[in-house]
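Here are a few notes to read with the model open beside you. Take them one at a time and find each residue as you go.

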There are 2 protein chains.
Amino acid sequence: MTNKPYHHGNLRNSLIEAGIKLINQEGTRQFSLRKVAVLCGVSHAAPYSHFKNKEELLKAMQDHVREQLMELLENTIQSCSNSNSPYLLVQMGKSYVMFFIKNPHYFPFLCSQLCMEINLSMDDDGTKNFPPFELFKTTAFHVLREMGLPEDKLKDTIISMFATVHGLASITTMKNVHYDEDWETKIEDIIWNK
Amino acid sequence: MTNKPYHHGNLRNSLIEAGIKLINQEGTRQFSLRKVAVLCGVSHAAPYSHFKNKEELLKAMQDHVREQLMELLENTIQSCSNSNSPYLLVQMGKSYVMFFIKNPHYFPFLCSQLCMEINLSMDDDGTKNFPPFELFKTTAFHVLREMGLPEDKLKDTIISMFATVHGLASITTMKNVHYDEDWETKIEDIIWNK
DNA sequence: AGGCTAAACTTGACACTGTAAAGATAATCA
DNA sequence: TGATTATCTTTACAGTGTCAAGTTTAGCCT
């Protein structure tokens, strides 16, 4: 019927989107290059015109998802009236956790120890760092200083706060967890509890 | 030379041990049934005499590693003089994190969202639960009550504490993290910071 | 002791994976 | 227009999980 053109036209982006959709539906484990190719109506080797290998496509997909998360966190900062209040940090934490609760497969996909790089050393050297953590770190530095937290406690406090939020995301995206309660406020309580 | 007997004799356990060694050296991604079979000097289909499929072997391996972690946590409880002190919880947290720092590949392997079941609902129903969390929960309930923490804050506090420790394990087992500092005491500080 | 049964293992096959090489098509640019 | 080059297809191969059928042997029963 529809005479498919030989050239797809927008294959690179299509592969990224189809790949993410696949992760969302079947999880990281079920992901395969050939499935994604089929989803895009293209031969199994076509992806190699746009990505060096499977790993490179996965990285591009992670970039895309990570950017969504970054947008969410930046919006959270924007829409917070008082940018010096500790309330902002709680809101960022809530956004972070809710992002993964809404798409549980994103967590192991985006935060797999294999590829994730995180820099806890607080010095702002040029070391590559997980952007959401970098953003949280910068914001928290500002907020906590304004609150009058002693300088020598800043670093540990920030790591501790991020660990709590990140761990909460890890735990709430597991198998047996059910979201029958009002998680939005629940998460807020748990983070405040610090 | 050495005429291998047709029957391995202890294949089930050998597969589990060889599998764990493989995870430790090459990571979860590189794990394969056939590699483990070769490591045990046995044909590629031999594992199917002892495990229904790959997934079942992985589960048995996880059981084994999880038991190691449980032993460590139980020892930590035993060797703590004052079993009512919040210091005990910090020590448990430290043991938890150090366990994974010493074997980074264990974290994604043992805590992969795919198979891990965790029950945050605090009610002691018969629901399957991640044993290390169950142990931490029980201990923390006791300790925090003794400390006089109000009853309605117990649940959130325990989840928050475990999230911090678990998140810290997640973060410290990532790619770019270097352990040039004295992590043993560092981790202690971060947990105390709560 | 001798033989039967069932467990433990091997062999061979199949479908599915990632990836490389070589060829086909079509868009772009001189 | 014609050549170049990016994009896609086809074919091929090694590695994977899994199953079915055959082989070996341990252990039990009479």
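1. Start with A:Glu151, which counts as partly exposed at 48% relative accessibility. Keep in mind that this is a predicted model. A:Glu151 has a salt-bridge partner, A:Arg145, and their closest N and O atoms sit 2.6 Å apart. A:Arg145 is partly exposed too, with a relative accessibility of 45%.

2. Now look at another pair in chain A. A:Glu26 and A:Lys35 form a salt bridge, with 3.4 Å between the closest N and O atoms. A:Glu26 has a relative accessible area of 38%, so it falls in the partly exposed class. A:Lys35, at 33%, is partly exposed as well.

3. B:Glu134 and B:Lys137 meet through their side chains in a salt bridge (3.6 Å, N to O). You'll find both in helix H6 of chain B (residues 131–146), 3 residues apart, which is about one turn of the helix. Is B:Lys137 buried or exposed? B:Lys137 is buried, because its relative accessible area is 3% and the cut-off for buried is under 20%. B:Glu134, at 21%, is partly exposed.

4. A:Lys94, A:Glu184 and A:Glu188 are linked in a network of them. Over all chains, the count comes to 18 salt bridges.

5. How many salt bridges cross the interface of chain B and chain A? The rule finds 2. In one salt bridge between the chains, the side chain of A:Asp156 meets that of B:Lys186 (3.9 Å, N to O). On the chain B side, the elements giving two or more residues are helices H3 (54–78), H5 (106–110), H7 (151–172) and H8 (183–192). H7(B) supplies the largest share, 15 residues. By type, the chain B side divides into 18 nonpolar, 12 polar and 12 charged residues.

6. What about the area of that interface? Together the two chains bury about 3800 Å², 60% of it on carbon and sulfur atoms. In chain B, the residues that lose the most area to chain A are B:Arg29, B:Gln113 and B:Met174, together 17% of what that side buries.

7. Finally, have a look at the core. The largest nonpolar core has 128 residues, and those touching the most other members are A:Met61, A:Tyr96, A:Phe100, B:Met61, B:Tyr96 and B:Phe100. In soluble globular proteins, nonpolar side chains tend to be buried together.

Technical notes. Residues are numbered from 1 along each chain as its sequence is written. Chains are lettered from A and ligands numbered from 1 in the order in which they are written. This is a predicted model: local features need pLDDT of at least 70, side-chain atom pairs count only at pLDDT 80 or more; totals for chains, interfaces and linings use all residues. Side-chain values use heavy atoms; hydrogens and water are left out. Buried area is the accessible area (1.4 Å probe) that two parts lose on being put together, summed over both. A salt bridge is a side-chain nitrogen of Lys or Arg within 4 Å of a carboxyl oxygen of Asp or Glu. Helices (H or I, at least four residues) and strands (E, at least two) are DSSP runs, numbered from the N terminus. Ala, Val, Leu, Ile, Met, Phe, Trp, Tyr, Cys and Pro count as nonpolar, Asp, Glu, Lys and Arg as charged, and the others, Gly among them, as polar. A nonpolar core is a set of buried Ala, Val, Leu, Ile, Met, Phe, Trp, Tyr and Cys residues joined through side-chain atoms within 4.5 Å. Buried means under 20% relative accessible area, exposed over 50%, partly exposed in between (1.4 Å probe, protein chains only).
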